[in-house]
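Thanks for coming, everyone. Please have a look at the structure on the screen, and then I will walk you through a few places in it.

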Amino acid sequence: MICQCLLVLVIAHELSNRLCVADELPAGVTNTQNPADISLTPQQSLQKITVPKGFNVTLFAGEPDLRRPIAFDFDDRGRLWVVENYAHPVWDKDNQSDRVLIFEDTDNDGSFDTRKVFWDKGRYLSAIAVGHGGVWLGNTPELIFIADRNADDVPDGPPVTVLDGFQISSNNVLNNFHWGPDGWLYGAIGLAQKSKIGKPQSGDKQRTVMTRGLWRMDPLSHEFEVIADGMVNPWGADFNQYGDLFTTNTVIGHLWHIVPGMYCQRRATEGDYQYVYERIQSNANHLHWGGGAWTSSRESTELHSVAGGGHAHCGAMVYLGDNWPAKYRGALFTNNLHGNRVNSDVLVPHDSTYVAEHADDFLFGNDPWFRGLSIKYGPAGAVFVSDWHDFGECHDSDGSHRSSGRIYRISYGTPQPFQGNLQKMTNLELGELHVATNEWLVRHARRILHERHVAGQDMRDVQGLLTKQFELSSSSSVQRLRAMWTLKLVGGLSEQELVRQLSSEDEHVRRWAVRLLAEMGPTLSDTHAELAKLARSESKPTVRLALASAVQRFALEDRAPILSGLLSQDDHIDDRFLTLMIWYALEPMIELNRTAFLKYAKTSENPLLSQYVVRRAADAARPHLDDVVDTILGAPNGTIRKHMLRGLLSSITKHGAQPMPQAWKTMMAQVARDGTQNSQLLVAQLSTLFGDRQSIAALRALVDNDTLLIAKRVYALESLLQVPDAVTVELLHSLVQQGNAAGDSEGLRLAALQALINRNDETTPSVLLQKYAEYSDAAKQAAIDVLVTRQEYVKQMLTAMETDVIDKADISSFALQQLRSS
């Protein structure tokens, strides 16, 4: 009897831990926020939220039941698995405060009814995905897996480290795990420092180096690959109905269409790949802040509010549920951190990609504590938004409010309840879900079928069903793609069948056939030939983009036919996205055959590609430039030649003056005879870098010609500055004294002042001070930058300050720092 009573007490204690409604903060966790900063209660915050007419917002969970919700995911029963991160912003290798909770709303009223603690030993949790028999977690610096194969909501054992080597950071950490249509786990990281990612105990050669960008991992083999490099801190991603991936970002642009193998814009001072030359810009045609320095958007001003609230975005959702009105289907939603709201963009197809157009902001928190981090739609089509709920943000040092956090549910009308467990459905029932309106059901059904195929189940019945859906003439593109993706995951789509689909009438099927063939590694002898044939004949830019992305996976010796096919058409000339993707695939071809590589510059219809081919060849073979000049001489027209010259100038400017190539005199004569003024100026600039005295004299004449546009004079001056001893200090002195503050000479004066930092003499201070009062504010700052470069100059500047020639307010913080160091 005593043993039975003890057993009952133990069971009751365990249930209280796992089914409790609320609990205390984990041991050692405290609030460090100023106690005077007091947040609204969850119910008060709920009352402040505004959404469009017809929508209802409920508090799904809030403190004390939920705190610090940094990420969440749904399981196959529609329950929310939520990560609580108490550690931020302090990473400690021994920390065990972070948790994974499970919430369930059994009566569909928009508020949870049961709550369980699944795991409470997290070090620095920031991402979660449920599937393949357990839960995948970002636990910096590791990606871990906790198995729960019997689905009893109790870990089967300790966590297993799947990958490690992710860099440690407070804010730019592993985030946004989600399953792709290809069955892989996708995620992001936004750290400038290099991560060396691989399986535990693997050496450097087996690891993948990554900084900022998006990645994916095979949940079976744990193979890891980078799919897009760049941005600043991508924190949010989702797929649209065609399987196109979109991610949201902070600081610079806020939205990118992600294509494997792309290089996205990142901070100007960053970049690990010197031959990329140009990165793909944001797909959005707008900013969510009012312009100016991005740091200013942390301030709550009307200027920023009207634009969207701020530069920082967390979470991304392309709404494909079945509860909200049709007008919202396919739109992208993201949390705006500083704007305390949810932004919305409309994704409009454009050329090979999309343009994201500004739509009305969807949700306003109307509370400075509202910090949305994740946003997803669920099994009933309603949308869930997590609110970190802290007065500060990631760059503040005002402490952390660790005892608050909320998740809200946003529905339109009353959503149809979802009750059940997709894991209990048969294969055929899961296959039938592929025609559901709510994409959530389709995605979960696909993953479950993939799990069953991997486990060795007989999938022939569902293969047959999905094949019918795929081949049915009345099926939409979306329906075909749904069936296609799942067929590939359950062994129902062979390489031979994918090759056949390269001739499909559906462009989306063709482009996905291209991608799946490239990712599976073609083995049939005619696969590459069929891809090359498609590259020559394909008219749809979306399919050509898929080819440009896919060819990066092929060995260099297999790329040429496909690249030649892509370059044989001129439809990509005005499509910057497609042009750059072709360049990323083309650039490594120089390693295979330099002569063949240079031919692309003459055969391409695209001026930008011709420019980059020449630039790459010049970068690779300094000081041997003869074949580069011969290529430029063979340009098919003046426009292509002009761009080739630009490419050569970019290379030579970077590396400095070079010996004159053998055929350069011929180039000078040809361009002088039939070239445009721009081409002639490019040749003159290059000629100076090749040491041609006449060209140097000609550029000096341009600098001195006060009848020319200032831009051309500045251009000539900057070219001369690249040539040793071509610009004298006396010339620079004369340029800084010309004109007046409002005149046309301002740009030339600024260029000369910048040059005087490195080229000056003992008379320079008196020259600058003589005209200082007439200078613009920008010119005054540039002059001071010169005056703080030498100790003897500083003495004269201090005297000028004492006599009020220089106003003390003109001295910048940088100049003051220089003064102190001198």
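**A charged patch, a helix and some salt bridges**

At 45% relative accessibility, E605 counts as partly exposed. On this scale, buried means under 20% relative accessible area, exposed means over 50%, and partly exposed is in between (1.4 Å probe, protein chains only). Before we go on, a word on the source: this is a predicted model, where local features need pLDDT of at least 70, side-chain atom pairs count only at pLDDT 80 or more, and totals for chains, interfaces and linings use all residues. Residues are numbered from 1 along each chain as its sequence is written, and side-chain values use heavy atoms, with hydrogens and water left out.

Back to E605. Where does E605 lie? It sits in the loop between α14 (594-603) and α15 (607-620). Helices here are DSSP runs of H or I with at least four residues, strands are runs of E with at least two, and both are numbered from the N terminus.

Together with D351, D570 and D574, it forms a patch of negative charge on the surface. Patch members have over 30% relative accessible area and no salt bridge, and like charges are joined within 9 Å. Asp and Glu count as negative.

Now to a helix, α22. Six of the eight residues of α22 (residues 729-736) are buried, so this helix is largely enclosed by the rest of the structure. Which residues of α22 are buried? They are V729, L731, L732, H733, L735 and V736. The cover over them includes α20 (693-704), α21 (710-720), α23 (746-756) and α24 (764-771).

Next, salt bridges. The rule is a side-chain nitrogen of Lys or Arg within 4 Å of a carboxyl oxygen of Asp or Glu. By this rule the count comes to 43.

Take three of them. K121 pairs with D120, and their closest N and O atoms are 2.9 Å apart. K121 is partly exposed, at 41% relative accessible area. D120 is partly exposed too, at 33%.

The second pair is D244 and R511, again with the closest N and O atoms 2.9 Å apart. D244 lies in the loop between β16 (237-239) and β17 (245-248), and R511 lies in helix α9 (residues 507-520), so the pair ties together parts that are 267 residues apart in sequence. Buried or exposed? Both D244 and R511 are buried.

E519 is partly exposed, at 23% relative accessible area. R553 is partly exposed, at 35%. Both belong to a network of salt bridges that links D182, R216, E225, R515, E519 and R553.

Last stop: the loop between α16 (626-633) and α17 (638-655), which holds G634. G634 counts as partly exposed, at 38% relative accessibility. Its C-alpha atom is 9.5 Å from that of A601, 33 residues away along the chain.

A635 is in this loop between α16 and α17 as well. A635 is buried, with a relative accessible area of 18%. What does A635 touch, leaving out residues up to four places away in sequence? It touches I640, R641 and M644, where contact means heavy atoms within 4.5 Å. F239 is another matter: A635 and F239 are 396 residues apart in sequence and 42 Å apart in space, C-alpha to C-alpha.

Notes
Patches are made of residues with over 30% relative accessible area and no salt bridge: like charges are joined within 9 Å, nonpolar side chains (Val, Leu, Ile, Met, Phe, Trp, Tyr) within 5 Å. Accessible areas come from the Shrake-Rupley method with a 1.4 Å probe; for residues, only the protein chains shown count as cover. The place of a charge is taken as NZ of Lys, CZ of Arg, CG of Asp or CD of Glu.
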